Amino acid sequence: MRSADVRAELGKFVLPTRGGWAKPLVLYQNYWLNPERLEHIIPVKKHFKPRRDDIILATYPKCGTTWLKALSFAITTRSGHAPAAGGHPLLTGRDPQKPKDAFVSWWHFVNNMHKGSSPIKFDDALSMFCEGFSPFGPFWEHCLEYWRQRLARPEQILFLKYEEIVSEPVEAVKMLAGFFAVPFTEEEEMRVVPEEVVRLCSFQMLSGLEHNQTGDVARGDSIVVGKSMFFRKGKVGDWENQMSKEMGKKLDDVIVRQAQGVWSCI
Ligand code: A3P
């Protein structure tokens, strides 16, 4: 599907538009999206046919995608690239939070990305986020959709939270390996390979690498997405440095209400 065709198709609809974040967003199928990105999303939705062995990592932005990607890569390629060995592709760069933390991470990211324009005030961003109006938002719709799919197809969907990986990283890595159908053997466990995967993909290890600190992932007229922007603090509970207790409670209440009783299970 060519961009012109997508634009023509989109032109048939009048999509609600709202400003407030760096760029106006349009509401498409319950999600607030950057219209330029939507032009790419529509053909993918229409034509993408997953293969049985595809692994799809899906998250609301700033929930730990970069980390999960590194862990998944290290786990699934470990027969060719030993995690403990020097020269691992993750090190050479040759190859390829609770909501509250995700929100704080997102606010920093958006303001970093649009350094040229005036920063979005924290309070304004929080109000919009609580209304469900944020890029790719509402946040809770992502969690709910993934959760419902997890219940419907548990053998195909693994629901994993950033905090779970932080609190039990080795267990999370073993669970991921099992889910990817490449479980660690006893012999690998004896050789502490899961622990090596955790070490290889740690924030300290990956954030310090030059190829993760320099260069851009994307660059547009007013946008720069530098690689280093994907590594900020990597801490659970960082929201407390940015939000008052009242703000935190407001966000908690909104999410619990929006998640219609399902949140306690998630
Ligand atoms: P903070 O901004 O709170 O530090 P995403 O990859 O979905 O964009 O999520 C980014 C968040 O994951 C950032 O959180 C970033 O610091 C953190 N992160 C990136 N790599 C990580 C790693 N290897 N271990 C733990 N956290 C990591």
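Which helices each supply at least two residues of the shell around the ligand? They are helix H3 (65-76), helix H5 (98-113) and helix H12 (203-207). Helices (H or I, at least four residues) and strands (E, at least two) are DSSP runs, numbered from the N terminus.

The structure is a predicted model, in which local features need pLDDT of at least 70, side-chain atom pairs count only at pLDDT 80 or more, and totals for chains, interfaces and linings use all residues. Residues are numbered from 1 along each chain as its sequence is written.

The ligand is surrounded by 21 residues, and the closest are Thr65, Thr66, Ser105, Arg232 and Gly234. A residue is near a molecule if its C-beta atom, placed from the backbone, lies within 6 Å of it. The shell comprises eight nonpolar, eight polar and five charged residues. Here Ala, Val, Leu, Ile, Met, Phe, Trp, Tyr, Cys and Pro count as nonpolar, Asp, Glu, Lys and Arg as charged, and the others, Gly among them, as polar.

The protein chain holds 14 helices and five strands. An automatic or database domain assignment divides the chain into domain 1 (1-49) and domain 2 (59-258). Their C-alpha centres lie 25 Å apart. Ten residues from domain 1 and twelve residues from domain 2 take part in the contact, where two residues are in contact if their C-beta atoms, placed from the backbone, lie within 7 Å. Strand E3 (residues 31-33) gives the largest share of the domain 1 side, three residues.

An open, antiparallel sheet is formed by three strands in the order E1-E2-E3; strands pair if DSSP finds at least two bridges between them. Strand E1 (17-18) and E3 are at the edges with a single partner strand each, so one side of each has no neighbour in the sheet. E1 is joined by two bridges to strand E2 (residues 25-28), and Thr17 stands opposite Val26 in E2.

Gln29 is exposed, with 10 other C-beta atoms within 10 Å, whereas Lys62 counts as buried, with 23 C-beta neighbours inside 10 Å. A residue is buried if 20 or more other C-beta atoms, placed from the backbone, lie within 10 Å of its own, exposed if 12 or fewer, and partly exposed in between.

The peptide bond from Gly137 to Pro138 is cis, with omega near 5 degrees. Pro138 belongs to the loop between helix H6 (122-130) and helix H7 (139-152).
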